[in-house]
Amino acid sequence: ELFLQSKQTLSLQVYFSVRVVFLIAFALIVSKIKVSREKLAWLLAILGGIQSIIAVIQFYTQKSIGLYLLGESHLSPEALGVAKIVSHGTTLIRGYGTFPHANLLSAFLVVALLFNIYLLIKSYQIPRGRNRLIALYVLLLINTFGLFLTFSRGGILAFGVAMAVITAYFLINKQFTKIYHVVIPVALAIGVSIAILAPYLSTRTTISDTATKERLFYSEIGKNMIQDQPFTGLGPGTSVLHMKQYSPTELKPWEVQPIHNYYLIVWAEWGMGAIFLLILIIYPIFALFKRNIDEWQLVLLAAGIAFLALSLLDHYFYTIWPTQLLLWLIVGLILKSLFYMKQD
């Protein structure tokens, strides 16, 4: 299908296709790497904590803190293109960490929190000291607060979905002590975060704001693209170039953005080839739907379902490297848990 598209954009399509191939290869490499689950979980939980602390400083000072070599964006309430909220007439930047956008940080913190939860579960199964538990609960609070500082409704909703999966599994299997040790502390961390940030979070409780309307608008453009080229698609990486063509209204330059829905943008660009790509992502996740899975598989299942939910709301798992890698990292770890059970 790639070579059925316009030759004018062929180089872009080849580049984008190669990126996708590299991501699939990355997942396969991850599925075969021998690494301690616990060390990986600690690494991501701690990195989440560091990112959350950076987000706290950014929000408190309302500017970037100078970590540009690590990828931090230039942040200011007056800067164009910076994600902001407006609270009581005051414009405030959202927490970015060192990610290109606050929404990307929220996706990373969802994963960090889930691995944090895995470590808590394991710590109660195999007691390893009070200091370890204290550190994990502190990380849980920091990462939860960092997630709320992104003010990403999608990220917060995705974490809620992940916690619903985990809670349902505990209830179905009558593992009530895990609810006490894990679910209740998460609920408390969420409550503390909401209590502290309540004056600012109130601006994100509506679904009739501009951001929501823009998502629906871009989805309509995506549907127009699919209706026009349902089988071959417009070509990998090219949908943004056709936004004005398929828009029912004239778009200003800053309104030309990707379709904010992973499934729609993949179909619009790849046509029927999207089925193959989506199967590679969705099938491993649903292969984990079993009554008896271990804690590692449970958090991977929760992360996978959270990402499937997030994919309905944004494009960054398809268009931006950090979250592309994050998605395929989870896919790779799920594949590893399915086919290489003797790793640890």
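The legends below describe views of a predicted model.

**View 1. Overall fold of the protein.** The protein holds 13 helices and two strands, where helices (H or I, at least four residues) and strands (E, at least two) are DSSP runs numbered from the N terminus. Its radius of gyration of 21 Å, taken over C-alpha atoms, is close to the 20 Å that the globule rule (2.2 Å times the number of residues to the power 0.38) gives for 344 residues, so the protein is as compact as a globular protein of that length. Along the principal axes, the C-alpha atoms fill a box of roughly 60 × 50 × 40 Å.

View 2. Of the 344 residues, 52% count as buried, meaning under 20% relative accessible area with a 1.4 Å probe and protein chains only. Among contacts (heavy atoms within 4.5 Å) with a separation of 6 or more, 72% are made by residues 24 or more positions apart.

**View 3. Surroundings of Ser-239.** Ser-239 lies in the loop between helix H7 (210-228) and helix H8 (243-246), and this residue is buried, with a relative accessible area of 0%. Leaving aside residues up to four places away in sequence, Ser-239 touches Met-225, Leu-234, Ile-259, Ile-265 and Glu-269.

**Notes to the views.** Residues are numbered from 1 along each chain as its sequence is written, and side-chain values use heavy atoms, with hydrogens and water left out. In this predicted model, local features need pLDDT of at least 70 and side-chain atom pairs count only at pLDDT 80 or more, whereas totals for chains, interfaces and linings use all residues.

Notes
Buried < 20%, exposed > 50% of the residue type's maximum accessible area, 1.4 Å probe, protein only.
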